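Dear colleague,

I am handing over the structure below, and after it you will find my notes on what was found. Please read them with the coordinates open.

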Amino acid sequence: MISVITVVKDDASGLALTFESLRQQSLSDWELILVASPSKDNTLKIAESISLNDRRVNLKIQEAQGIYEAMNLGLTQVKGSYIWFMNAGDTFASSDVLEHALTTILQTGTSLVIGGYKLSSDIRGRSFRFGNKKISRLGFAFNLRMSHQSMIFQAEAFKKIGYFHLKFRLASDFDFILKYMNVNTARTTDKIYSIFRPGGAADQSIEQVHREKHISRKENFPNWIISPASSVWTYAARVKILLRKICT
């Protein structure tokens with residue numbers, strides 16, 4: 001079974017969209033762990049309706065301080081062998097995504113499969129694809145585009161590594177994946193797994209994201225070469241952000 005974890009606050013329409021996308025999956029052996037926070041709109045009403053009408057939905061209501069606290073709460077409820085994080089408002093790109101991801105894991109013997117994604121706001125319909133190949137831990141560390149909405153993890157890894165570290169406010173998923181890949185194999189697939197809705201907390205504080213990723217790289221790669229390389233990478237990313245702001 002695949003355990004899909006969705007956290008939501010103040011996004012009733014996004015939650016309904018995400019759940020409908022999950023409900024249409026060809027693979028029916030899934031559970032939805034829905035962590036909802038008290039909201040200003042009717043998010044809780046939608047969440048309660050979803051859980052009442054589908055026994056595969058496990059609803060937890062808690063005033064979380066941040067997304068990783070909510071995701072950690074979801075992790076305590078997991079019953080499946082595999083985990084997928086899908087934020088409210090994001091959707092699966094097609095009805096066979098879960099089936100494809102599970103098949104890829106079983107056929108290749110890998111522990112983490114990373115698919116491509118599209119941005120829902122991109123009117124040109126561009127996609128980010130990464131090919132069908134194994135990916136190294138170092139390769140992931142310096143890739144800016146991969147998204148956790150397009151990843152399937154083995155649940156057992158969270159018992160060995162631990163949950164998301166709360167000292168990272170916006171890049172704890174990045175930090176976890178680096179730790180995960182230290183003891184687990186990973187590969188990418190050319191298939192588009194998710195349609196990602198930009199504009200979340202990370203997009204609004206992208207410089208902070210880069211700072212946190214730099215700290216994580218230094219901690220996960222205690223190497224005299226990686227640290228300066230990460231510094232240059234982070235500086236280049238910040239310059240790119242500045243230039244983009246100036247041009248717009």
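**Salt bridges, a helix pair and a buried helix**

Arg 56 forms a salt bridge with Asp 54, and the closest N and O atoms of the two are 2.9 Å apart; the term is used here for a side-chain nitrogen of Lys or Arg within 4 Å of a carboxyl oxygen of Asp or Glu. Arg 56 is partly exposed, with a relative accessible area of 26%, whereas Asp 54 counts as buried at 11% (buried is under 20% relative accessible area, exposed over 50% and partly exposed in between, with a 1.4 Å probe and protein chains only).

Before going further, please note that this is a predicted model, in which local features need pLDDT of at least 70 and side-chain atom pairs count only at pLDDT 80 or more, while totals for chains, interfaces and linings use all residues. Residues are numbered from 1 along each chain as its sequence is written, and side-chain values use heavy atoms, with hydrogens and water left out.

The structure holds seven salt bridges in total, and two others deserve a description. Arg 23 pairs with Glu 20, with 2.7 Å between the closest N and O atoms, and both residues lie in helix H1 (residues 12–23), three residues apart, or about one turn of the helix; helices (H or I, at least four residues) and strands (E, at least two) are DSSP runs, numbered from the N terminus. An α-helix has 3.6 residues a turn, so residues three or four places apart point the same way. Both partners are partly exposed, Arg 23 at a relative accessible area of 44% and Glu 20 at 29%.

The other bridge joins Glu 219 to Lys 167, with the closest N and O atoms 2.6 Å apart. Glu 219 lies in helix H9 (residues 206–220) and Lys 167 in the loop between helix H6 (156–161) and helix H7 (172–181), so this pair ties together parts that are 52 residues apart in sequence. Glu 219 is partly exposed at 42% relative accessibility, and Lys 167 is likewise partly exposed, at 46%.

**Helices H7 and H9**

The axes of H7 and H9 come within 9 Å and cross at roughly 20°, the axes being lines fitted to C-alpha atoms over the stretch in contact and the angles running from 0 to 180 degrees between N-to-C directions. The two helices are therefore roughly parallel to each other, a description that covers angles under 35 degrees. The contact (heavy atoms within 4.5 Å) is made by Phe 174, Asp 175, Leu 178 and Lys 179 of H7 and by Lys 213, Ser 216, Arg 217, Glu 219 and Asn 220 of H9.

The buried residues are Tyr 68, Ala 70, Met 71, Asn 72, Leu 73, Gly 74 and Leu 75, and what covers them includes strands E1 (2–8), E2 (30–36), E3 (57–61) and E4, together with H6 and H7.

Gly 80 is found in the loop between helix H3 (67–75) and strand E4 (82–85), and this glycine is buried, with a relative accessible area of 10%. Leaving aside neighbours within four places in sequence, Gly 80 is in contact with Met 1, Ser 3, Glu 31 and Ala 155. Gly 80 and Lys 160 are 80 residues apart in sequence and 16 Å apart in space, C-alpha to C-alpha.

Technical notes: Angles under 35 degrees count as roughly parallel, over 145 as roughly antiparallel, 65 to 115 as roughly perpendicular and the rest as oblique.
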